[in-house]
Amino acid sequence: MRAIVVHETGGPEVLSLEDMPRPEAGPGQVLVRAQAIGVSIVEAHMRAGIMPVPLPAVLGVEAAGEVVAAGEGVDQGLVGRTVAGVTGGTGSYAEYAAMPAAMVRPVPEGVPAAEAVAAGAALAVALGLVHRAALREGETVLVEAGASNVGGYLIQLAREFGAGRVVATAGAGEKRDRAREFGADTVIDHREEGWTAQLDGIDVAFESIGGDSARGVVEALTPGTGRMLYYGRLSGLAPAVTPDDLLGRGVSLVGCSGPAWFREVFDVHYPEGFARLADGRTKAVVGPTFPLDQAAQAHRLVEERGAQGKIVLIP
Ligand SMILES: NC(=O)c1ccc[n+]([C@@H]2O[C@H](COP(=O)([O-])OP(=O)(O)OC[C@H]3O[C@@H](n4cnc5c(N)ncnc54)[C@H](OP(=O)(O)O)[C@@H]3O)[C@@H](O)[C@H]2O)c1
């Protein structure tokens, strides 16, 4: 099969198209013939060594496609079904990917593979975040990187779940327009130095940028009840927040990753997200698509922050 392999960390040029043996479905795994493969900044961070992974590796986290084999301990009824999900590590930039059965979910009839992979993880994570935030009617919500894949769904869901005001951040002008189209009342340019000074009275902050700006976000949380849900580090840096930043304000910081988080995401929120796609309550936002052998171009676009919607590779 054809696959995109990384032997050493570096720029997009280290992505190499190679022929290699098809993987097998091991215990607890399904073998998926990929029809659509998701591309995100996470893989760019893996490729660049910001998020280390054992090398050499077939890069790639997300895929949707047909199950062609099911390993030991897996429901054989999955064979022949279209599923979408994640590898739990690397391995999806390929014609076939072995994926944990616990991390894929059946795609409803009528939902194309590209939409399933575009919305799958991001919509499920956004649903998990709004549930975990226990949003109360009328609260003010901050969505960082509101034109990102997860951020776009978060803005829409925050509105639907009763937020009184949604403040989003975005970079380039068209990204800010996009965040407004998703439903943000106010959009701040997060490329501006000191942008957090514009924040006030934030009840719930969905933190995905990390680095120093996170401290400014904590300072804008409503004393006593404000909560920050930390789920990503787009800057490559952990949020620069100390326990003492939280202590005096009586606000909380909730970590939203790791095995327990993902179990809930896969068991509860993936099916919830797919049901929304099937009945049209939520629309998948598919961005540019590239053939598998143009994975390096897809990575350049991610790193230039040039894409609107989810970038998808078609094998
Ligand atoms: N915990 C979880 O369960 C979970 C699951 C999935 C993803 N995540 C995390 O969620 C975050 C968003 O993922 P995604 O797939 O939605 O991202 P994405 O669609 O690839 O969006 C990335 C966008 O973020 C913005 N951004 C802001 N600061 C940035 C920076 N310093 N460097 C690069 N981009 C920056 C850029 O938009 P502008 O042009 O507007 O700046 C960029 O286009 C990531 O950190 C990811 O790791 C977490």
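Which residues come nearest to the ligand? Among the 28 residues around the ligand, Ser-148, Asn-149, Gly-171, Gly-232 and Arg-305 come nearest. The views below start there. This is a predicted model, in which local features need pLDDT of at least 70 and side-chain atom pairs count only at pLDDT 80 or more, while totals for chains, interfaces and linings use all residues. Residues are numbered from 1 along each chain as its sequence is written.

**View 1. The shell around the ligand.** Domain 1 (2-111 + 284-314) and domain 2 (122-258) both contribute residues, so the ligand lies between them. The domain bounds come from an automatic or database domain assignment.

**View 2. A cis peptide bond at Pro-56.** Here the bond from Leu-55 to Pro-56 is cis, with omega near 0°. Look for Pro-56 in the loop between H1 and strand S4 (57-58).

**View 3. Two alanines with positive phi.** Ala-134, in the loop between H2 and strand S9 (140-143), has phi near 45°. Ala-145, in the loop between S9 and H3, has phi of about 50°. Ala-134 counts as exposed, with 10 C-beta neighbours inside 10 Å, whereas Ala-145 is buried, with 26 other C-beta atoms within 10 Å. Buried means 20 or more other C-beta atoms within 10 Å of a residue's own, exposed 12 or fewer, and partly exposed in between, with C-beta atoms placed from the backbone.

Technical notes:
Near = placed C-beta within 6 Å. Helix = DSSP H or I, 4+ residues; strand = E, 2+ residues; numbered from the N terminus.
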